Amino acid sequence: GKLRDQVFGLENIFGHRYVLIPRQAREIIITNRGRLRPEHVEGYTTTATKNWKTIEKELQKILDTDKSIARVEGYDISNISGTDATGSMVVFSRGLPDKKEYRHFKIKTVKQISDVDMLKEVMERRLRRDDWPKPDLILIDGGKTQLNAALSVFDRLNIKKIPIASLAKIEEELFLPNTKYSIPIKEFSEATKLFLQRVRNESH
């Protein structure tokens with residue numbers, strides 16, 4: 001994680017001069033090619049910093065909202081054969097990771113192997129935290145099933161004003177509430193596509 005952050009910092013300095021990334025960091029990117037691909041690194045920090053307003057406007061159009069989007073929270077569930085299950089929350093502020101705001105939730109109420117039920121627990125525990133800043137967008141790692149699980153918590157807590165979406169791996173499709181079909185993120189601008197992928201991947 002430290003080397004990954006150094007990579008993003010170097011890209012911010014050197015722009016698109018990918019050759020200047022230290023050899024050890026490049027090897028880590030190659031080793032983790034499925035999780036952290038070079039296109040997620042090259043120029044990402046510079047793009048997110050300089051083009052956040054452009055990314056924000058596209059997200060507003062996608063989400064059909066005119067509300068400002070500054071704080072984006074990403075969520076994922078991880079467990080090893082149903083044991084040591086945790087939920088992760090990552091936070092991006094105006095396009096950049098805000099690591100002091102990251103949180104981990106140890107699953108307390110779900111005993112069976114069910115990522116959906118674990119996600120419900122995490123979402124409810126987070127959304128009941130009135131002492132934490134409210135997100136302007138929640139991005140769930142998963143597909144329609146995970147999105148519906150989170151929406152069921154929204155309904156139970158009577159939350160109506162927080163935009164939410166889920167991003168599925170493999171096909172790289174974005175799912176939105178009240179829509180029948182997903183949206184391939186390749187249809188978005190490169191900057192917005194990379195941002196959504198970065199939030200999703202960071203939550204792993």
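Which residues lie nearest the centre of the largest pocket? Lys160, Ile162, Pro163, Ile164 and Pro177 do. Keep those five in mind while we go through the model.

One caution before that. This is a predicted model. The protein chain averages a pLDDT of 84. Of the residues, 75% score at least 70. Now look at residues 15-34. There, pLDDT stays under 50. The model has 27 contacts beyond four places in sequence for that stretch. Where pLDDT is low, the predicted coordinates should not be read in detail.

The largest pocket has a volume of about 360 Å³. In total, 17 residues line the largest pocket. Two elements give two or more residues to that lining: α5, residues 52-63, and α7, residues 144-156. The largest share comes from α7, with three residues.

Next, the helix pair. Two packed helices are described by the angle between their axes and the distance between the axes. Take α5 again, with helix α8, residues 190-202. Their axes come within 9 Å. They cross at roughly 80°. An angle of 65 to 115 degrees counts as roughly perpendicular, so α5 and α8 are roughly perpendicular to each other.

Who makes the contact? On the α5 side, Trp52, Ile55, Glu58, Leu59 and Ile62. On the α8 side, Ala191, Thr192, Phe195 and Leu196. By class, that contact has seven nonpolar residues, one polar and one charged.

Rolling a probe the size of a water molecule over the atoms shows where empty space is left. How many cavities of 30 Å³ or more does a search of the whole structure find? One. The largest cavity holds about 30 Å³ of space.

Leu59, Ile62, Leu63, Leu137, Leu139, Ala165, Leu174 and Leu196 line the largest cavity. By class, that makes eight nonpolar residues, no polar and no charged. α5 and β5, residues 137-141, each supply at least two residues of this lining. The largest share, three residues, comes from α5.

Let me tie up α5. α5 gives two or more residues to the lining of the largest pocket. α5 crosses α8 at roughly 80°. And α5 provides three residues of the largest cavity's lining. Leu59, Ile62 and Leu196 take part in the helix contact, and those residues also line the largest cavity.

Methods
Residues are numbered from 1 along each chain as its sequence is written. This is a predicted model: local features need pLDDT of at least 70, side-chain atom pairs count only at pLDDT 80 or more; totals for chains, interfaces and linings use all residues. Side-chain values use heavy atoms; hydrogens and water are left out. On a 1 Å grid over the protein atoms alone, a cavity is a set of points where a 1.4 Å probe fits but cannot get out, and a pocket is an open set with protein on both sides within 12 Å along at least five of seven lines; lining residues have an atom within 4 Å of a point. Grid points are joined across faces, edges and corners, and a volume is the space filled by probe spheres set on the points. Helices (H or I, at least four residues) and strands (E, at least two) are DSSP runs, numbered from the N terminus. pLDDT is the predictor's confidence in each residue, from 0 to 100. Contact means heavy atoms within 4.5 Å. Axes are lines fitted to C-alpha atoms, for helices over the stretch in contact, and angles run from 0 to 180 degrees between N-to-C directions. Angles under 35 degrees count as roughly parallel, over 145 as roughly antiparallel, 65 to 115 as roughly perpendicular and the rest as oblique. Ala, Val, Leu, Ile, Met, Phe, Trp, Tyr, Cys and Pro count as nonpolar, Asp, Glu, Lys and Arg as charged, and the others, Gly among them, as polar.
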